Amino acid sequence: MSLKLGCIADDFTGATDLANNLVRAGMRTVQTIGIPGAPLRDDADAVVVALKTRTLPADEAVAQSLAALEWLRAQGAEQIYFKYCSTFDSTPQGNIGPVTDALMTRLGTAFTIATPAFPDNKRTVFKGYLFAGDVLLNESGMQHHPLTPMTDPNLVRVLSAQTSRKVGLIDHRVVAAGSDAIRERIAQLTAEGIEIAIVDAISNDDLLALGPALRGMPLVTAGSGVAIGLPGNWGLAPGSAASQARAQGLQAVVAGSCSSATNGQVAAFIKSGRPAFALDPIRLAAGEDVVAQALDWAEPRMQDGPVLVYSTAEPDQVKQAQGALGAARAGAMIEAAIAKIAVGLVERGVRQLIVAGGETSGAVVQALGLEQIAIGEQIDPGVPWCAGHAPAAQGDISIALKSGNFGTRDFFIKAFG
């Protein structure tokens, strides 16, 4: 087996997002949940190790990422890809900068690139500034993120605050000139002592031009968009999404994200007349058995179609809960409750499950005991149906892990179509 690309993702939705793009770009891809305890058995061109490190303390995120790196190197990975969110959301202390630093040091490389650009999901980078749709990131709703609020769209500035390495820019004029121009700019920046370069990209053509310029680079750091331009470096051509029959059974959605996109998806689901149950963190903190209440509510209703259990809330409601409980406590309680609810739903016959939110997805996947998932049909850019063995189901389930910011407004409705 020749493993071409070894990927480390900082959350579970990001991992499936990346794996989906790699499969569609022509790579046989395996996604693992956490770092496997044994060598890879399946033949694959790429492996994506899904971690839950985005909001961990930086030293813990670094330790887990380095452990994933060592496992991937032991499988013979030719190139390493550190994948983070297309909203580059982090804190002034990390974790994107510290993990990148540690990976560069361990790999002994003096230069890498960084770009969260994913034009298919309206994430573009221009002059080093990150846009979400038609607005700068800090005007997109991400400034209200409960754990990693993004108030500065300038990625050179954001990343420079997280690393002692010099951060530069490969701007769009260079990218538009093609792969050779990008290589020349990389050589120039390296000579100037720049160690990490933010790369502009406003279209898939930009990402496809960037791909060949990254051939042989020991470490690539990016969102999932860059993945579309890498398989060609090994002579692989794009193909259709992996074929994976969806499991048959009841359907449900659990949503923990408070992003603007997920808020809209919850509202659309409710407006369509479908049943939805809202989790109240204050009642949860008061000791009420909200998990049992949600499962008792869902069991008779999901016989007639998909149900939704959500903690999604508007920014002022999130701040109220955080003020009463503390941000970390409120987030941890909700994650744990949703994970228990997801297990309970699967035990009651749910075989098609959508999970919204990166941190929520990590908690749910771990609670379900999924160790490896296969990538199936794409629902929306960056969000495929996946399949894996869940002990709670005593068999396989289909699961979609949706980043909070991804998907059209009717995502929860059309996904089951």
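Trainee: What is the relative accessible area of Glu 377, and how is this residue classed?

Mentor: Glu 377 has a relative accessible area of 33% and is partly exposed. Buried means under 20% relative accessible area, exposed means over 50%, and partly exposed lies in between (1.4 Å probe, protein chains only). The model is predicted: local features need pLDDT of at least 70, side-chain atom pairs count only at pLDDT 80 or more, and totals for chains, interfaces and linings use all residues. Residues are numbered from 1 along each chain as its sequence is written, and side-chain values use heavy atoms, with hydrogens and water left out.

Trainee: Which residue forms a salt bridge with Glu 377?

Mentor: The partner is Arg 246, and the closest N and O atoms are 3.2 Å apart. Arg 246 sits in the loop between strand S11 (219–222) and strand S12 (250–255), whereas Glu 377 belongs to strand S16 (residues 372–380), so the pair links parts of the chain 131 residues apart. Helices (H or I, at least four residues) and strands (E, at least two) are DSSP runs, numbered from the N terminus. A salt bridge is a side-chain nitrogen of Lys or Arg within 4 Å of a carboxyl oxygen of Asp or Glu.

Trainee: How many salt bridges are there by that rule?

Mentor: The count comes to 21 salt bridges. One of them joins Lys 4 to Asp 45, with the closest N and O atoms 3.2 Å apart. Lys 4 lies in the segment before strand S1 (5–9) and Asp 45 in the loop between strand S2 (29–33) and strand S3 (46–50), 41 residues apart.

Trainee: And is Asp 45 buried or exposed?

Mentor: Asp 45 counts as buried, at 3% relative accessibility.

Trainee: Which residue does Lys 52 pair with?

Mentor: Lys 52 forms a salt bridge with Glu 359, the closest N and O atoms being 3.2 Å apart. Lys 52 lies in the loop between S3 and helix H2 (58–74) and Glu 359 in helix H13 (residues 358–368), so this pair ties together parts that are 307 residues apart in sequence. At 14% relative accessibility, Glu 359 is buried.

Trainee: Changing topic to helices: at what angle do H2 and helix H3 cross?

Mentor: The axes of H2 and H3 (residues 96–107) cross at roughly 40° and come within 9 Å. Axes are lines fitted to C-alpha atoms, for helices over the stretch in contact, and angles run from 0 to 180 degrees between N-to-C directions. The crossing of H2 and H3 is right-handed. A crossing is right-handed if the near helix is turned clockwise from the far one by less than a right angle, and left-handed if anticlockwise.

Trainee: Which residues make that contact?

Mentor: They include Ala 61, Val 62 and Leu 69 of H2 and Val 99, Ala 102 and Leu 103 of H3. Contact means heavy atoms within 4.5 Å. The residues of this contact divide into ten nonpolar, one polar and three charged. Ala, Val, Leu, Ile, Met, Phe, Trp, Tyr, Cys and Pro count as nonpolar, Asp, Glu, Lys and Arg as charged, and the others, Gly among them, as polar.

Trainee: How are H6 and H7 placed relative to each other?

Mentor: H6 and H7 are oblique to each other. The axes of H6 (residues 179–191) and H7 (residues 204–213) come within 8 Å and cross at roughly 55°. Angles under 35 degrees count as roughly parallel, over 145 as roughly antiparallel, 65 to 115 as roughly perpendicular and the rest as oblique.

Trainee: What covers the buried residues of H7?

Mentor: The cover includes strand S5 (112–115), helix H5 (172–176), H6 and strand S10 (196–199). Among the buried residues of H7 are Asp 206, Leu 207 and Leu 210.

Trainee: Turning to the backbone, where is the cis peptide bond?

Mentor: The cis peptide bond joins Gly 94 and Asn 95, with omega about 20°. Asn 95 is in the loop between strand S4 (79–83) and H3.

Trainee: What is the phi of Gln 394?

Mentor: Gln 394 has a positive phi of about 50° although it is not a glycine. Gln 394 lies in the loop between strand S17 (383–390) and strand S18 (395–402), and at 75% relative accessibility Gln 394 counts as exposed. Lys 122 is likewise not a glycine and has a positive phi of about 65°. Most residues other than glycine have a negative phi, and most peptide bonds are trans.
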